[in-house]
Amino acid sequence: MSAIEQSPAIVTAEQPATASWTPAHIRALADFCHDSAPLITDSDVARIAPDLDIWDAWPVQDADGKPSTLRDGQTLWMALGAPRFPDPDTRHGHARIHLILRDAAGWHPLGPAMPDGFAPGSREWSGSALLAADRRTLTLFFTATGRRGEATLTFEQRLFRADATLAHEGGYRLTDWRDLREFVVRDPAHYMASDAGSGAVGTIKAFRDPAYFRDPRGGRHHVFFAASLAGSDSAFNGCVGWATARDDTLTDWDIRPPLVSADTLNNELERPHVVMHGGLYYLFWSTQRHVFNPDGPTGPAGLYGMVSDRIDGGWRPLNGTGLVFANPDAAPKQAYSWLVLPDLQVTSFIDAWGSNGSDANARRFGATFAPMLRLRLQGDEAGLETDG
């Protein structure tokens, strides 16, 4: 079925106060010795295909968040992909969600996940994917950016879900795409229109990146997404939004007020997602130095997060600053779009590697998976695990 269905979205009343990520938290970085990722070297840059650039990635997951294990320990992943361009920023206007097989031999691209003409946008941006207990029904949550067939690319972002059937005869593929639905509709009382920005890199407003999470306490289904605050006087008004499914069908959802606000501090809290560890909820997001307000303190490109003992509020910045780890000073743009898995492994993609951010290599785009990292989490403290 190709017709697009739209579900109503109801704002849930009496939500706890939105947590604030503030300039004071970033100023505190001056007194905090944060962890840095290892430097990426030539031997780490292994493309999965010579003619395909990939970036933001996520596993096809079970309801508990773990990557779905298939035959012989294989897992399926999705990533944004596009042909190679001389200017790597061009890729964002051509992004498709690609299906990728991971096995003992490495990564194997399987082509676009959705068929041509199915998604309602002019391009496909990040999301998440859930494989049902039957091991055949897959639900994809994704960002439709722009409108299919538009003559000039726009930056309107809408959150969609669709179902498909996972077939594996002769190789894995997704078939019978159906039940396409705009499942979370923007609430203008809390979230700014995503096409309100200029479209320049670093200024784009957000309503994107739905990340699925099933709460082990009570079993409710949530998605977290990157958004921009409504009613802000600042150009730096990034926030983390969320929505909750009304039942296990995952079709009708209630949008909620933001969980975290970075008003006046930062424009983009990208790819927010939650894992549970040690009885606590950990909310993570990625951001970069150039999307911090230049009039205030700026943080490095890195993984940031908050922790709480409940999912609907009480969030406080990890390490007192929000920063979990950053790219190394020698290569401040080497990787991006970190995603924490339930076992605390962290995946990302290689960006401008081998560069200090200002030299001739700053435009070199790795366009592949970065080496996996692993977190250590203990209460309100977080950082990178190190060997030994």
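This is a predicted model: local features need pLDDT of at least 70, side-chain atom pairs count only at pLDDT 80 or more; totals for chains, interfaces and linings use all residues.

I'll go through some strands first, then some salt bridges.

Start with strand β17, residues 280-287. Is it buried or exposed? 8 of its 8 residues are buried, so the strand is largely enclosed by the rest of the structure. Look at both faces. Leu280, Tyr282, Phe284 and Ser286 point one way. Tyr281, Leu283, Trp285 and Thr287 point the other way. Both sets are buried.

Now the neighbours of β17. Strand β16, residues 270-277, pairs with β17 in the antiparallel sense, over 6 bridges. Methionine 276 has tyrosine 281 in β17 as its bridge partner. The β16-β17 hairpin has 2 residues between the strands. Glycine 278 takes a positive phi there, near 60°. Strand β18, residues 302-308, also pairs antiparallel with β17, this time over 7 bridges. There, tryptophan 285 stands opposite tyrosine 304.

Move along to another hairpin. Strands β23 (residues 373-378) and β24 (residues 381-384) run antiparallel, with 4 bridges. Leucine 375 is partnered by leucine 384 in β24. Again, 2 residues sit between the strands, and glycine 379 has a positive phi near 60°.

On to charges. Side chains of opposite charge can pair when their charged atoms come close. How many salt bridges does the structure hold? The count is 17. I'll show three of them.

First up, arginine 181 with aspartate 252, at 3.4 Å, N to O. Arginine 181 is in strand β11, and aspartate 252 is in the loop between β14 and β15, 71 residues apart. Arginine 181 is buried, at 14% relative accessible area. Aspartate 252 is partly exposed, at 23%.

Next, glutamate 270 with arginine 208, whose closest N and O atoms are 2.9 Å apart. Glutamate 270 is in β16 and arginine 208 in strand β12, so this pair ties together parts 62 residues apart in sequence. Glutamate 270 is buried at 13%. Arginine 208 is buried too, at 5% relative accessibility.

Then arginine 316 with aspartate 380, closest N and O atoms 2.8 Å apart. Arginine 316 lies in strand β19, aspartate 380 in the loop between β23 and β24, and 64 residues separate them. Arginine 316 is partly exposed, at 30% relative accessible area. Aspartate 380 also counts as partly exposed, at 30%.

Last point, on shared partners. Salt bridges join Arg208, Asp209, Glu268 and Glu270 into one network.

Conventions:
Residues are numbered from 1 along each chain as its sequence is written. Side-chain values use heavy atoms; hydrogens and water are left out. Two strands pair if DSSP finds at least two bridges between them. Buried means under 20% relative accessible area, exposed over 50%, partly exposed in between (1.4 Å probe, protein chains only). A salt bridge is a side-chain nitrogen of Lys or Arg within 4 Å of a carboxyl oxygen of Asp or Glu.
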